[in-house]
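Look at the model, then read on.

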Amino acid sequence: MSDETIANLLNEERTFPPSDAFRAQANVSDPDIYEQGRDLEKFWGDYAEGFEWFRKWDTVLEWDPPFAKWFQGGQLNITVNCIDRHLNGPRRNKAAFIWEGEPGDQRVLTFADLHREVCQAANALKSLGVKKGDRVTIYLGMVPELPIAMLACARIGAAHSVIFGGFSPDAIAERVQDSESNLVITADGGWRKGGVVPLKANTDEALRSCPTVKNVIVVQRVGSAANCKMKDGRDHWWQDLVRDQPRTCPPEPMDSEDLLYILYTSGTTGKPKGIAHTTAGYLMGTARTFEWVFDAKEDDVYWCTADIGWVTGHSYIVYGPLANGATGVMYEGAPDHPRRDRFWDIVEKYRVSLFYTAPTAIRTFMRWGDSFPNGRDLSSLRLLGSVGEPINPEAWMWYHQVIGKERCPIVDTWWQTETGAIMIAPLPGLTVAKPGSATRPLPGVDADVVDQDGNSVPLGSGGFLVLRQPWPSMLRTIYGDPQRYRDVYWSRFENLYFAGDGCKRDTDGDYWLLGRVDDVMLVSGHNISTMEVESALVDHPAVAEAAVVGKAHEIKGQGVAAFVTLRSGHALSHDMREELREHVARKIGAIARPDEVYFSAELPKTRSGKIMRRLLRDIADGRALGDTTTLADPNVVKKLRDQYESTEG
Ligand code: ATP
Ligand code: MG
């Protein structure tokens, strides 16, 4: 990335140091911790001592690039560390999950309840012949049976493969086939915006092309509303199968490097990859980052709004919080059902203190207006988190002011399905936050920004984000395809993990994520990050959300095409289009002025809420649309293309 780009980057000079009060009570307040993180084996070996092992490890790390083995020789079970460990003390009857269904029903599971339900579900799986080493696909909405099913698999040593409940039959079939699962756990249906998601019907359709699946377990969630049909000999009701199972189930001793789960990435960039995570390292990585980044305390009520179908839910709804004995809120439905204040209603109702969500949600809340959060009591909040995309400075400030009332530190957490746990984020008692920067690599994380040749670039410049050293929760391979693992992550630079994201480091050494490297445009020989232009657009008071892509341009090589969603109350017009173009030119420079601005009520997003720029590029360049199976709503992109074609000519 050229120096011009760096000079062009938004000049963000606001800084937010932790308050004295927050610092005084923080889990981490000694800056020496970064130094300690340099000795990886001691740093992680000491931490692992605090967990329950059937057998201690022989070596903390064996590194044969690109293959790492952590805690080799050790044996443990992650469910013992997430559940059983908490049963002989005051946490026994503490809430592990406070669950709220979309229709307003509730369930609280204490750690003792969770233990019993996981053991019964584990015994149910055994009764159908599931054993250590098998793969089980789980396709459920956000119901308590989802974490219970995952933990039941882990209890007996089967790997789970969770598929987000919004995926289509084709997407399910592709993932079931790739993982060669022999059992699927689903539900009759799930609630979403008052309607029913036909989970069982989708499963039935998918399984027509999945011969490895012998049994299906079906959770009853919506009852007669699903009108679901059961197949004799293959389908079993969860409730019937689990009810009479023994209430204890001995945990399977797992090797540290045994497969814990497979999770397919969202597919923003192409064919889904089955990311493989193993047992011990993943436990250490998620447990420690949860405690440190969220500053989690015994009395906190933590709510991560992600779906468990994404890695954020795996690591920070299920494994990380449970390993810390934390109380987590889990919500089944949509943020605007029945009203646009549902999230703030839940914060008020359960006195949520730690809140973790995504920039796409924050921008949506901004668009809906302040009256919704302002109408609820948010005084219980003490820390806010963000994940999934770079957070635009504008959205960061709104989150800070309207939700955090200028009182709560914000942790912008950069990580990936592949990293398993948070890698770059503030330590909220130590780090001076800046709106839009994920700040520093965590202790024990050796990140860097390099140029095309893999050389570290000086502070103040940008390039490719890489990781120089292995970390415990790193992916071990792409399931069934170690060559693709090498190719995708380890071949761009020798012995460096290539994250695929562009990044700049400012002169303080803080990291500013710029989005995927394939989202960088080359305009008249200048590298311009799509993220940078988007942030400038979102900075305009009329703009709710923006997606920017490069478009083939005869003279410049690439031009800038912007797709914009306006905030309620603002009208689309030619003047507005010009105003936005000028706004970008003022914020960044004339070089970044969008050649085209398109208004759209919605932008095409993956089911995890990320903008699919790859499809916008197809539209802008007039190509046939690429794979759309992971889109939340394929109609959005079709509408956009029609609109684009009619205005272009
Ligand atoms: P695929 O790899 O299939 O295209 P994906 O990358 O969207 O899908 P995830 O693993 O869920 O799937 O997302 C990780 C990516 O999300 C990161 O590589 C980065 O681009 C982006 N990201 C996540 N958190 C942040 C953050 N705090 N700041 C900037 N970018 C982030
Ligand atoms: Mg990715």
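Q: In strand 15, which residue is the bridge partner of Ile262?
A: This is a predicted model, where local features need pLDDT of at least 70, side-chain atom pairs count only at pLDDT 80 or more, and totals for chains, interfaces and linings use all residues; side-chain values use heavy atoms, with hydrogens and water left out. Residues are numbered from 1 along each chain as its sequence is written, while chains are lettered from A and ligands numbered from 1 in the order in which they are written. Strands (E, at least two residues) and helices (H or I, at least four) are DSSP runs, numbered from the N terminus. In strand 15, the partner of Ile262 is Ala276.

Q: How many bridges pair strand 14 with strand 15?
A: Two strands pair if DSSP finds at least two bridges between them. Strand 14 covers residues 259-264 and strand 15 covers residues 274-278. Their pairing is antiparallel, and the number of bridges is five.

Q: Which are the edge strands of the open sheet of eight strands?
A: The sheet runs in the order 12-11-8-6-7-14-15-23, with mixed pairing. An edge strand here pairs on one side only. That points to strand 12 (235-237) and strand 23 (477-478).

Q: Is strand 29 largely enclosed or largely open?
A: A residue is buried under 20% relative accessible area, exposed over 50% and partly exposed in between (1.4 Å probe, protein chains only). Strand 29 spans residues 557-566, and eight of its ten residues are buried. Therefore the rest of the structure leaves strand 29 largely enclosed.

Q: In strand 30, what is the bridge partner of Phe563?
A: Strand 29 also pairs with strand 30 (residues 596-599), in the parallel sense. Four bridges hold this pairing. The partner of Phe563 in strand 30 is Tyr598.

Q: Which helix gives the most to the lining of the second largest cavity?
A: The lining has 16 residues, with Trp44, Thr289, Ile422, Pro443 and Val445 nearest the centre. Helix 4 (40-48) and helix 11 (279-293) are the elements that give two or more residues. With five residues, the top contributor is helix 11.

Q: What is the volume of the second largest pocket?
A: This pocket is lined by 18 residues. Nearest its centre lie Arg38, Pro441, Val445, Asp446 and Ala447. Its volume is about 450 Å³.

Q: Is Leu442 buried or exposed?
A: Leu442 lies in the loop between strand 20 (410-413) and strand 21 (447-450). Its C-alpha atom is 6.4 Å from that of Ala425, 17 residues apart along the chain. At 6% relative accessibility, Leu442 is buried.

Q: Why is the pair of Phe464 and Phe498 edge-to-face?
A: Rings of Phe, Tyr and Trp (its six-membered ring) pair if their centres lie within 6.5 Å; planes under 30 degrees apart are stacked, over 60 edge-to-face and the rest tilted. The structure holds 41 aromatic pairs. The centres of Phe464 and Phe498 are 6.1 Å apart, and the pair is edge-to-face because the planes stand at 65°.

Q: How many residues apart in sequence are the parts that Phe464 and Phe498 tie together?
A: Phe464 lies in strand 22 (residues 462-467) and Phe498 in strand 24 (residues 497-505). Phe464 is buried at 12% relative accessibility, and Phe498 is buried at 11%. The parts tied together are apart by 34 residues.

Conventions
On a 1 Å grid over the protein atoms alone, a cavity is a set of points where a 1.4 Å probe fits but cannot get out, and a pocket is an open set with protein on both sides within 12 Å along at least five of seven lines; lining residues have an atom within 4 Å of a point. Grid points are joined across faces, edges and corners, and a volume is the space filled by probe spheres set on the points.
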